Amino acid sequence: MNADIRALAELLADAENAVVLTGAGISTESGIPDFRSAGGLWETYDPMKVASMNTFMDDPSLFWRFHRPRIDMLGSVEPNAAHRAVAALQQRGIVKALITQNIDRLHSRAGSDPVIEVHGSLDRGYCLRCSTAVSMDELCARADSAEDGVPRCTCGFQMKSGVVLFGEQMPMEAIEAAYDAAERADVMLVIGSSLQVTPVSQLPGVVLSRGGRLAILTESETDYDHRCTVRIHEKAGPTMDAVLEALGD
Ligand code: NAD
């Protein structure tokens with residue numbers, strides 16, 4: 001067995017409070033492009049622009065032209081081996097908390113519970129003016145029947161999904177839960193994140209500053225690479241399968 005896999009399995013087995021932090025890279029093997037890899041969304045769109053509060057407010061039709069096909073795409077994908085491995089580790093009590101930046105709900109669909117979703121998720125549709133909430137099916141039906149593709153509330157204002165936009169306030173409850181988990185963690189395993197987006201990019205630093213250890217399983221470089229106990233530049237799915245196997249029953 002590969003020494004890195006064994007080291008990661010041992011780190012998790014010895015931890016009292018292991019926490020997993022995931023990013024878009026854990027879902028690429030399910031067919032969802034991440035932001036920064038080759039072929040990632042960044043090459044086609046500037047997500048900071050289209051997935052922003054400014055675009056939602058100033059040009060809702062452009063916003064929904066980007067957002068609507070992504071909702072369909074996310075509805076047609078399945079959790080992969082890495083999501084399933086994280087859920088198994090959580091169910092076995094080896095992983096005590098799961099924090100994700102992803103909005104795709106694949107962790108929940110793989111059986112993880114609870115999931116701390118720091119960037120919201122595609123759960124429902126909301127009106128920012130009158131706080132009315134509708135199901136995702138209803139949100140999509142309203143978008144599809146509108147001439148400009150923009151779903152509207154009965155009050156007339158454009159609606160959005162539960163995904164947090166650039167320039168929008170983060171969900172405070174989830175952010176507090178994420179910091180709490182990081183403060184208690186003696187091990188943090190990061191899977192598939194470039195650790196470029198704040199405030200999540202600060203969480204590994206919180207763990208290290210309290211004497212915890214860090215493992216990163218992400219293909220590209222990150223700013224924390226030199227501070228890791230275990231650093232693996234491989235695909236998340238097969239690696240996490242091998243880690244589960246190394247941990248045994
Ligand atoms: P990112 O795109 O910045 O980084 C992803 C990282 O994962 C990269 O470093 C890449 O090398 C690595 N990676 C890609 N495929 C991998 C694989 N199979 N195995 C291991 N590593 C792999 O993603 P981020 O750090 O999550 O930040 C981007 C932001 O984009 C987040 O806020 C997230 O909410 C959002 N986002 C979410 C989704 C989703 O929900 N699936 C998709 C795209 C973007």
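Reader: Where is the place of R105?

Author: This is a predicted model. R105 lies in the loop between β2 and α6.

Reader: Why is R105 called partly exposed?

Author: The relative accessible area of R105 is 31%. Buried means under 20%, and exposed means over 50%. The value for R105 falls in between, so the label is partly exposed.

Reader: What is the phi of R105?

Author: R105 has a positive phi of about 65°, although R105 is not a glycine. Most residues other than glycine have a negative phi. S131 also has a positive phi of about 65°, and S131 is not a glycine.

Reader: Where is S131, and is S131 buried or exposed?

Author: S131 sits in the loop between β4 (120–127) and β5 (133–135). Its relative accessibility is 60%. The cut-off for exposed is over 50%, so S131 counts as exposed.

Reader: What makes H67 buried?

Author: H67 has 8% relative accessibility. Buried means under 20%, so H67 qualifies. H67 is part of helix α4 (residues 60–75).

Reader: Which residues is H67 in contact with, leaving aside neighbours within four places in sequence?

Author: H67 is in contact with L122, S161 and V163. Contact here means heavy atoms within 4.5 Å.

Reader: How do you know which strands form the open sheet, and in what order?

Author: Two strands pair if there are at least two bridges between them. Strand β1 (residues 18–22) and β2 have 5 bridges. β1 and strand β7 (residues 187–191) have 5 bridges as well. β7 and strand β8 (residues 213–217) also pair over 5 bridges. β2 and strand β3 (residues 116–117) are joined by 2 bridges, which meets the cut-off of at least two. The sheet has 6 strands in the order β3-β2-β1-β7-β8-β9, with parallel pairing.

Reader: Why do β3 and β9 stand at the edges?

Author: β3 and β9 (230–232) each have a single partner strand, so one side of each is left without a neighbour in the sheet.

Reader: Which residues stand opposite each other in these pairs?

Author: Start with V19. V19 stands opposite A97 in β2 and opposite M188 in β7. V20 stands opposite L189 in β7. I99 has I116 as its bridge partner in β3. V190 has I216 as its bridge partner in β8.

Reader: What makes β7 largely enclosed by the rest of the structure?

Author: In β7, 5 of the 5 residues are buried, so the strand is largely enclosed. V187, L189 and I191 point one way from β7. M188 and V190 point the other way, and all are buried. In a regular strand the side chains alternate between the two faces of the sheet.

Reader: How many residues of β2 are buried?

Author: In strand β2 (residues 95–100), 5 of its 6 residues are buried. That makes β2 mostly covered.

Reader: Which residues are joined by a cis peptide bond?

Author: D113 and P114 are joined by one, with omega of about 5°. T198 and P199 are joined by another, also with omega of about 5°. Most peptide bonds are trans. P114 is in the loop between α6 (106–110) and β3. P199 is in the loop between β7 and α9 (203–209).

Reader: What are the domains, and how many residues are in contact between domain 1 and domain 2?

Author: The domain assignment gives domain 1 (1–32 + 79–119 + 170–249) and domain 2 (33–76 + 121–163). Between them, 14 residues of domain 1 are in contact with 10 residues of domain 2. The centres, taken over C-alpha atoms, are 27 Å apart.

Reader: What area is buried between domain 1 and domain 2, and which residues supply 49% of the domain 1 part?

Author: The buried area is about 1000 Å², and carbon and sulfur atoms give 62% of it. I32, I103 and R105 supply 49% of the area that domain 1 buries against domain 2, more than any other three residues.

Reader: How many salt bridges and polar contacts are there between domain 1 and domain 2?

Author: The salt bridge count is 0. For polar contact, the rule finds 2 residue pairs across the interface, both at pLDDT 80 or more.

Methods:
Residues are numbered from 1 along each chain as its sequence is written. This is a predicted model: local features need pLDDT of at least 70, side-chain atom pairs count only at pLDDT 80 or more; totals for chains, interfaces and linings use all residues. Side-chain values use heavy atoms; hydrogens and water are left out. Buried means under 20% relative accessible area, exposed over 50%, partly exposed in between (1.4 Å probe, protein chains only). Helices (H or I, at least four residues) and strands (E, at least two) are DSSP runs, numbered from the N terminus. Domain bounds come from an automatic or database domain assignment. Buried area is the accessible area (1.4 Å probe) that two parts lose on being put together, summed over both. A salt bridge is a side-chain nitrogen of Lys or Arg within 4 Å of a carboxyl oxygen of Asp or Glu. A polar contact is a pair of N or O atoms within 3.5 Å; within protein, one must be able to donate a hydrogen and the other to accept it, and residues adjacent in sequence count only if both atoms are side-chain atoms.
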